[in-house]
Amino acid sequence: MKIQFYYPRWGSENTNWDDFCQKVKFAGYDGVETPVPEDPNEQSSMTNALEKNNLLLIGQYYQSFEKDFEAHKANYIKHLYLLSSFNPMKINAQTGKDYFSFEENLALFAIADAIAQETGIPICHETHRGKALFASHIAHQFLKELPDLRITADFSHWCNVAESLLEDQQETLAVACKQVGHIHSRVGHSQSAQVIDPGLPEFKTELQAHLNWWDEIIKDYQDKKIDKITITTEFGPAPYMVHLPFTKMPVANQWEINLYMMHLLKERYRK
């Protein structure tokens, strides 16, 4: 099974696209996960840099800011079509709101499914705080209702919401690991969606918990004879990354941590 690794644009927005893509390609990544800019000039810079460096694209939707459901829905549709127009490998969508009703979030999932069917581009829905799939027990209801729903597994958020490593929510995790279309390989813990550094000994337990979940996802892909899976190493900048007071200097290096995760998972799943 082939694993494609993607680097997030998040945290590198101030680096021009040419330099960013060259750095990502040289590091050994297969592609970039990013929102698509609305400015035509920046769109051209992005697509040219991706093509020049032979990098793939995963589109990212996160612009879920409208409280009014109808306005939110209209913006959701607009951005999914914008992302689709760049022919990404897939789209990672932070779909819905934690305060929308079950039926309203179901309607958004249905819209995404229709757009995916129309465009041929898979849309995966991220298990993200503040969104429809913000917590394990809530996501479980959607996964049972929509067995074809494909998620972006970022279980670090669920750990943070539940203030645990989900030891008492194994039933949900068993279901979730069989409905994964994409992985964000960030390690979270009970107090944050991101540990300071997954290589530190004090986060050994948290890293192992996430590795166990990713192992289950890989096994499910192998059992289903799916020949490719995508992973974005998505450790982020401040405020996800802890930073010092006053100076706002990060206490760790985002780039190095994401490289660590890629090399760790390449070694673990290279067979």
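A crossing of two helices is called left-handed if the near helix is turned anticlockwise from the far one by less than a right angle, and right-handed if clockwise. Helices (H or I, at least four residues) and strands (E, at least two) are DSSP runs, numbered from the N terminus. The model is predicted: local features need pLDDT of at least 70, side-chain atom pairs count only at pLDDT 80 or more, and totals for chains, interfaces and linings use all residues. Residues are numbered from 1 along each chain as its sequence is written, and side-chain values use heavy atoms, with hydrogens and water left out.

**Helix packing**

Axes are lines fitted to C-alpha atoms, for helices over the stretch in contact, and angles run from 0 to 180 degrees between N-to-C directions.

| Helix pair | Angle | Axis distance |
|---|---|---|
| Helix 1 (residues 17–27) and helix 2 (residues 40–52) | about 25° | 9 Å |
| Helix 1 and helix 9 (residues 254–268) | about 35° | 12 Å |
| Helix 8 and helix 9 | roughly 50° | within 12 Å |

Angles under 35 degrees count as roughly parallel, over 145 as roughly antiparallel, 65 to 115 as roughly perpendicular and the rest as oblique. With axes 9 Å apart at about 25°, helix 1 is therefore roughly parallel to helix 2. Their crossing is right-handed. Contact means heavy atoms within 4.5 Å. Helix 1 contributes Trp-17, Asp-18 and Cys-21 to this contact, while helix 2 contributes Glu-42, Ser-45, Met-46, Ala-49, Leu-50 and Lys-52. For the class counts, Ala, Val, Leu, Ile, Met, Phe, Trp, Tyr, Cys and Pro count as nonpolar, Asp, Glu, Lys and Arg as charged, and the others, Gly among them, as polar. The contact of helix 1 with helix 2 has 5 nonpolar, 1 polar and 3 charged residues.

Helix 1 also passes helix 9 in a right-handed crossing. Lys-23, Val-24 and Ala-27 of helix 1 meet Trp-255, Leu-259 and Met-262 of helix 9 there. These residues divide into 5 nonpolar, no polar and 1 charged.

Helix 9 packs with helix 8 as well, and the two axes come within 12 Å and cross at roughly 50°. Helix 8 and helix 9 are therefore oblique to each other, and their crossing is right-handed. On the helix 8 side the contact involves Leu-207, Gln-208, Leu-211, Trp-214 and Asp-215; on the helix 9 side it involves Tyr-260, Met-261, Leu-264, Leu-265 and Arg-268. By class, there are 7 nonpolar, 1 polar and 2 charged residues.

**The nonpolar interior**

A nonpolar core is a set of buried Ala, Val, Leu, Ile, Met, Phe, Trp, Tyr and Cys residues joined through side-chain atoms within 4.5 Å. Buried means under 20% relative accessible area, exposed over 50%, and partly exposed in between (1.4 Å probe, protein chains only). The largest core has 73 residues, of which Leu-80, Phe-155, Trp-214 and Ile-217 touch the most other members. Helix 8 (residues 204–223) supplies the largest share of this core, with 8 residues. Neighbours within four places in sequence aside, Ile-217 is in contact with Ala-153, Phe-155, Cys-177, Val-180, Ile-183 and Ile-229.

**Helix 5 and its surroundings**

The buried residues of helix 5 are Ser-136, Ala-139, His-140, Phe-142 and Leu-143. They pack against helix 4 (102–119), strand 6 (151–153), helix 6 (155–162) and helix 7 (170–176).

Leu-143 lies in helix 5 (residues 136–145) and has a relative accessible area of 2%. Residues up to four places away in sequence not counted, Leu-143 touches Leu-149, Ile-151, Val-175, Ala-176 and Gln-179. Leu-143 and Ala-176 are 33 residues apart in sequence, and their C-alpha atoms are 7.2 Å apart in space.

Asp-148 is placed in the loop between helix 5 and strand 6 and is exposed, at 67% relative accessibility.

**Backbone features in loops**

Lys-225, in the loop between helix 8 and strand 8, has a positive phi near 60° although the residue is not glycine. Lys-225 is exposed, with a relative accessible area of 72%. Lys-248, in the loop between strand 8 and helix 9, likewise has phi near 60° and counts as exposed at 62% relative accessibility.

Pro-239 is placed in the loop between strand 8 (228–232) and helix 9. A cis peptide bond joins Ala-238 and Pro-239, with omega about 10°.
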